[in-house]
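Student: Can we walk through this structure together? I'd like to take it piece by piece.

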Amino acid sequence: MTPSLFPEFQALLGPDRAFCDAETLAHYASDETPRSCMPEAVLFPTCQHHVVEIVRLANLHRISLTARGAGSGNVGGAMPVPGSVVVSFECMQQIVEFDVANRLMVVEPGVVTDEIDRLARTRGLMYAPDPGSGAYCRIGGNLAMNAAGPRAVKYGATRDHVLGLTAVTGDARVIHSGGRTTKYATAYDLTRLLVGSEGTLAYITQATLKLLPAPETVATLRVCYASNQSACEAVSRVMSQPVTPCALEFMDHRSLLALRDHGGEAFAAAALPPGTKAVLMVEADGNFEDVPRQIAALEKALAGPDLLEIQSGFTREAIVRLWTARRSLSHAVKRIAPLKINEDVVVPVGRLAQLVSAIEALAETHQLPIVAFGHAGNGNLHVNIMVDHGRSEEIARARTCRAALIHAVIGLGGSLSGEHGIGSEKRHFVPLEVDAPTLDLMHGLKRLFDPQGVLNPGKKLPD
Ligand SMILES: Cc1cc2nc3c(=O)[nH]c(=O)nc-3n(C[C@H](O)[C@H](O)[C@H](O)COP(=O)(O)OP(=O)(O)OC[C@H]3O[C@@H](n4cnc5c(N)ncnc54)[C@H](O)[C@@H]3O)c2cc1C
């Protein structure tokens, strides 16, 4: 960065919104990915005008920008590249409008995701996407990654809950996509293009989110099986009958061991029956009259070979404990080995059992612990290959294992990422899944939105 540029940023944002001290730079050097890269400066715009001017200056001085929400992403999306300046959206956290009659909320990108749902529920509505990091991640990061959570099996991912966006392109144009209506057939659907584009096409400055009526009640089942395969077959049975659960989560045997050893009280209180090798957590939501009917249909589908126990009738506190145990898995897993290679693969749900078999075979072949859990109802598993980073031979084996996993997933008609995105960490795998003409078109779109390539270089697309 030229010496004159930082004072320009300070003049634009004010001295308390532009930093280049070592402590701030270090704090913003990484996201949840176990790698880091020091930025040249960290900027905190508070309005769209600031974002436009930052992008204009970046073009003028030919510097790269890296957008950031809460930095909870785990593919290096918010990790700076050498010489880049971080644009943190944390200070753009206004809820601009809550329109109950039209079931929508207009928000700035720095609003914390759970805040949106909390406010919606005060008026009998809900914001459906529920990433596990919802207590701290920001809606701008969710939009950029097309984040999702357990409820996606019934309600879909972030992309399915956006009516319109305002964004700043790489050449500092302000663009508007979609609108405030639940039907829209006018323009090209830039909303669906920008959601999941990982900040490579435009920086989102405002989003109009779709809200749904909140269900009156939720009922939870915890279902224990004697093998991973029998749990996956139960997932298939559930998804081939008409009642869609609002969560269908899978924990494999190694996940249960990780929770037992590192999951604390939440897991101890769960008291699984002896011989449990896999657990499904299943939820149904709706009105008070209908949920018992849904639960009966789900219990029927869940029953089958190797079923050990179906537990229902949990108290609210017990349900919170169960979900706390499930959500603590990401952190519990980290304690098995110093490094986890974390894949977020997705296959058509009917092929989940094949995916889990392939994972078991890879663990055996490569002699590595692999922990798999996640959103089974969408065929989306978090596959964690556990490695000791002090042992280079083990790292090499883990890399081979990861490549084999990705080939297996693509062979099953699946995809590299269900919800975490591509970031800097997975982009070299993209050509395995996306063919050359399609990638060409995507590079063309990037040039159209961001001619000088200032927005999030080194992310999403392979070089
Ligand atoms: C414990 C844990 C649990 C998680 N559980 C889930 C889960 O259940 N589901 C899920 O989907 N993910 C999950 N994640 C991953 C992560 O929380 C999500 O990817 C989330 O969407 C990132 O939001 P963020 O605000 O932290 O964004 P960041 O990590 O800061 O950024 C993510 C991407 O968004 C871009 N970006 C940020 N703001 C903007 C903007 N205004 N305009 C354009 N681009 C922008 C960044 O450049 C980056 O590419 C989890 C992570 C952790 C650590």
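Tutor: Two strands pair if DSSP finds at least two bridges between them. Helices (H or I, at least four residues) and strands (E, at least two) are DSSP runs, numbered from the N terminus. This is a predicted model, where local features need pLDDT of at least 70, side-chain atom pairs count only at pLDDT 80 or more, and totals for chains, interfaces and linings use all residues. Residues are numbered from 1 along each chain as its sequence is written.

Student: Which residue in β14 is the bridge partner of R222?
Tutor: Look at β12, residues 217–225, and β14, residues 278–286. They pair in the antiparallel sense over nine bridges. In β14, R222 has as its bridge partner M281.

Student: Which strands are at the edges of the sheet?
Tutor: The open sheet has seven strands, with antiparallel pairing, in the order β15-β12-β14-β13-β17-β18-β16. An edge strand here pairs on one side only, and that picks out β15 (307–311) and β16 (339–346).

Student: At about what angle does α11 run to β14?
Tutor: Axes are lines fitted to C-alpha atoms, for helices over the stretch in contact, and angles run from 0 to 180 degrees between N-to-C directions. Contact means that the C-beta atoms of two residues, placed from the backbone, lie within 7 Å. Helix α11 (residues 291–302) lies across β12, β14 and β15, and its angle to β14 is about 155°.

Student: Are α8 and α14 roughly parallel or antiparallel?
Tutor: The axes of α8 (residues 228–239) and α14 (residues 352–366) come within 8 Å and cross at roughly 160°. Angles under 35 degrees count as roughly parallel, over 145 as roughly antiparallel, 65 to 115 as roughly perpendicular and the rest as oblique. So the two helices, α8 and α14, are roughly antiparallel.

Student: How many residues of the contact of α8 with α14 are charged?
Tutor: On α8 the contact includes E233, and on α14 it includes E360. Ala, Val, Leu, Ile, Met, Phe, Trp, Tyr, Cys and Pro count as nonpolar, Asp, Glu, Lys and Arg as charged, and the others, Gly among them, as polar. The contact residues split into five nonpolar, four polar and, for charged, two.

Student: What distance separates the centres of domain 2 and domain 3?
Tutor: Domain bounds come from an automatic or database domain assignment. Domain 2 covers 95–213 and domain 3 covers 215–328. Five residues of domain 2 are in contact with seven of domain 3. Taken over C-alpha atoms, the centres are separated by 29 Å.
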